[in-house]
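Hi,

Here is the structure I said I would pass on.

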Amino acid sequence: MPAVHHKLLLEDALQDSPQTRSLLSVFEEDAGTLTDYTNQLLQSMQRVFGAQSEMGLATQQLSQQLLDYEKKNFAMGKGDEEVITTLQKFARTVEELNALHTDLANQMADSMVFPLIQFREKDLTEISTLREIFGIATDEHEASMVKYSRLPKKKENEKVKVDLVKEVAYTRRKQHQASMQYYCALNALQYRKRVAMLEPMLGYTQAQVKFYKKGMELVTKKMDTFLSSVSNMTHNIQAQLDSEAEAMRMSQRELLSVEDTVYMPDKDDDPVSRSLIQKSGYLNIRNKTGLVTTAWDRLYFFTQGGNLMCQPRGAVAGGMVLDLDNSSVMAVECEDRRYCFQITSPTGKTSMILQAESKKEYEEWICTVNNISRQIYLTENPEAVAIRLNQTALQAVTPITSFEKRQEGSPNPDRAKPGGVHCSARDAPGPGASLEPEDLIAPGTPIQFDIVLPASEFQDQNRTGGRRTNPFGETDDDSSSESDDSLLQQVFAVRFLGSMAVRCGDNQEVIYEVMRQVLAARAIHNIFRTTESHLMVTSSCLKLIDPQTQVTRIHFQLGEVLQFAAHQENGRLMGLVVEDPDWSQGDQEGVPPSYSAFVFESNTEGEKICFTINLAKEIVEAKKDPEALAELMKSMPLTNDGKFLLLEAETGDTTNGEGQEDLESEA
């Protein structure tokens with residue numbers, strides 16, 4: 001078998017021998033393989049070109065993102081000025097690199113992708129076309145030879161023979177021409193494929209070299225100093241990060257080394273701070289979800305000035321919940337939950353019930369709200385004022401439950417002190433004078449929270465023949481002449497909150513100060529249980545009557561009542577100042593007068609009680625002048641029995657109730 005030549009001989013084209021056909025098939029197989037490989041190579045080069053084009057677009061976007069860092073207004077962006085300047089320089093550098101990447105992509109398109117596309121579309125397509133033409137010419141030649149071979153031997157037709165000879169000659173010439181063109185193209189393809197494989201890679205490499213040369217020029221001439229400074233900056237930041245991370249790890253180990261009681265609620269052994277004017281933390285607040293159903297939500301509360309603020313989780317800022325100025329706070333029992341307290345606005349229209357996590361938090365919240373309600377935060381040194389007032393409230397609370405025991409002691413502590421300050425009707429400051437709390441109430445004065453009669457006095461009032469006071473003004477046949485002559489009898493349902501010995505008897509400020517100290521002491525010591533009584537105001541005296549037993553617990557003559565006033569903000573609170581009956585009767589000559597202040601919470605407005613007491617005093621004065629008394633009786637409506645008609649009795653059905661000992665003060 002003859003050796004395979006490295007090219008097709010044109011001289012063998014006319015003969016079209018089997019050997020030539022065999023060699024032609026080898027060239028055709030090589031052309032087919034080259035076509036497949038060229039398509040794959042072109043796909044890879046197009047991918048490289050696409051990646052380089054995407055690189056240009058990506059660097060352009062990167063440059064824009066670096067410039068946008070300054071516009072983001074990060075919430076924690078303070079101190080990023082140096083970073084912003086550095087990123088702006090990087091943005092300019094990336095923009096220059098983007099120009100280089102764009103130039104590289106254009107060079108790849110011109111010197112790598114385009115030559116290979118041209119080779120595939122021109123040379124390989126030409127080979128495919130010539131192959132089809134060569135096949136058609138071969139088929140036509142074979143058909144003409146078949147016709148020529150069928151010429152009859154006996155009956156020759158010269159015309160048919162001549163036509164067939166011409167046809168064979170035409171198809172043979174056509175096949176010869178097509179085969180020579182086909183052979184020439186296949187021979188040339190062996191050289192063109194080598195150029196087609198090398199030229200794209202040459203263009204790609206030259207483009208990359210040019211790109212790197214320009215990049216090196218950019219880096220070496222413009223970027224050396226800048227990159228060195230940025231490198232030093234990153235090293236410094238990393239060193240700071242390592243130091244901070246180590247400090248945080250140490251702090252974390254220290255914080256985690258505490259006892260487990262830190263994580264347990266209501267296990268805080270630290271003392272309660274009662275002088276706070278600011279407080280924050282999580283509390284449970286009770287919300288009504290229906291007529292009788294409630295839900296508790298855990299929210300974050302904090303005080304800001306004189307306001308109570310609330311900030312739910314996820315909220316940017318908190319909102320005001322309640323104005324604490326002149327508000328009242330008290331401990332309550334609610335839904336069998338512990339550590340609940342209630343804050344009420346001065347008008348009494350708005351109130352909320354909150355629950356603390358521990359007893360310490362519970363007491364501190366009550367003290368803080370109480371301090372803020374006094375507007376201590378508006379003073380120059382609020383912490384010192386809060387400490388002083390709370391110390392006074394702590395000293396003022398002693399376990400005295402008997403009114404008689406307090407009178408047996410020293411009602412005015414300053415009597416025992418040389419040079420003690422006291423006020424009387426003769427030497428008291430004028431109504432417009434400004435008095436300090438120490439001038440009104442001696443520091444350390446005890447507070448009485450309940451009135452318990454001694455056993456001897458209780459037995460005296462219940463002996464045979466003893467008279468019980470009827471709160472509705474009805475008397476027995478053996479009633480005294482004083483009750484028969486009474487022109488005024490009015491009963492109010494009240495709750496006794498506390499009493500103190502005071503220094504002044506003719507200044508209403510002492511009543512307000514006693515109210516503040518009594519309410520503060522109740523809040524500090526969680527004393528919120530009160531007992532309802534009936535306060536009877538007549539034209540001769542004031543009586544505090546037990547609605548269950550009708551026993552008179554306290555009895556004051558109108559002449560002993562020096563001052564009476566309702567609270568300026570909470571209208572249900574009222575107080576009065578009385579003079580020691582022994583001193584007022586002149587039994588203790590040369591001894592300074594002693595005064596006591598009593599605080600009550602009424603079911604109605606305290607102003608009504610004050611108005612009734614004032615009317616009783618006017619009746620007492622009018623009794624001295626019959627004409628003045630007659631004029632006063634004409635100006636006021638009277639009942640059928642000739643008494644002054646003011647208000648209906650406000651005791652309601654409480655006289656028959658059995659739960660008098662479980663009432664809660666809303667002061």
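**Salt bridges and the helices they join**

The side chains of K147 and E167 meet in a salt bridge, with N to O at 3.8 Å; by salt bridge I mean a side-chain nitrogen of Lys or Arg within 4 Å of a carboxyl oxygen of Asp or Glu. K147 lies in helix α2 and E167 in helix α3, so the pair ties together parts that are 20 residues apart in sequence. Helices here are DSSP runs of H or I with at least four residues, strands are runs of E with at least two, and both are numbered from the N terminus.

Before I go on, the ground rules. This is a predicted model, in which local features need pLDDT of at least 70 and side-chain atom pairs count only at pLDDT 80 or more, while totals for chains, interfaces and linings use all residues. Residues are numbered from 1 along each chain as its sequence is written, and side-chain values use heavy atoms, with hydrogens and water left out.

Back to that pair: K147 is partly exposed, at a relative accessible area of 44%, and E167 is partly exposed too, at 30%. V165 is found in helix α3 and is partly exposed, with a relative accessible area of 38%.

What sits between α2 and α3? The loop there includes L151, which counts as partly exposed at 25% relative accessibility. The C-alpha atoms of L151 and K161 are separated by 7.2 Å, the two being 10 residues apart along the chain.

How many salt bridges turn up in a search of the whole structure? The search finds 20. One of them joins the side chains of D103 and K214, at 3.2 Å from N to O. D103 lies in helix α2 (residues 81-149) and K214 in helix α3, so this pair ties together parts that are 111 residues apart in sequence. Both ends are partly exposed: D103 has 25% relative accessibility, and K214 has 32%.

Then there is helix α4 (residues 359-373), which holds both K360 and E364, 4 residues apart, or about one turn of the helix. These two form a salt bridge, with their closest N and O atoms 3.0 Å apart. Are they buried or exposed? Both K360 and E364 are buried. They also belong to a network of salt bridges that links K279, K360, E361 and E364.

**Surface patches**

Patch members have over 30% relative accessible area and no salt bridge; like charges are joined within 9 Å, and nonpolar side chains (Val, Leu, Ile, Met, Phe, Trp, Tyr) within 5 Å.

The negative patch is formed by E259, D260, D269 and D270. Asp and Glu count as negative and Lys and Arg as positive, with His and the chain ends not counted; the charge is placed at CG of Asp, CD of Glu, NZ of Lys or CZ of Arg. E259 lies in the loop between α3 (158-256) and β1 (280-288) and counts as exposed because its relative accessibility is 58%.

The nonpolar patch is made up of L256, V258, V262 and Y263, with about 410 Å² of accessible area together; areas come from the Shrake-Rupley method with a 1.4 Å probe, and for residues only the protein chains shown count as cover. Y263 lies in the loop between α3 and β1 and is exposed, with a relative accessible area of 54%.

**Backbone and cysteines**

Most residues other than glycine have a negative phi. N326 is not a glycine, yet has a positive phi of about 60°. N326 lies in the loop between β4 (319-323) and β5 (328-334) and is partly exposed at 33%. Q550, also not a glycine, has a positive phi of about 60°. Q550 is in the loop between β12 (541-545) and β13 (552-557), and is buried at 18%.

Which disulfides are there? The whole-structure search finds 0, a disulfide being a pair of cysteine sulfur atoms within 2.5 Å. C310 is buried at 12% relative accessibility, and C367 is buried at 3%.

Cheers

Key
Buried means under 20% relative accessible area, exposed over 50%, partly exposed in between (1.4 Å probe, protein chains only).
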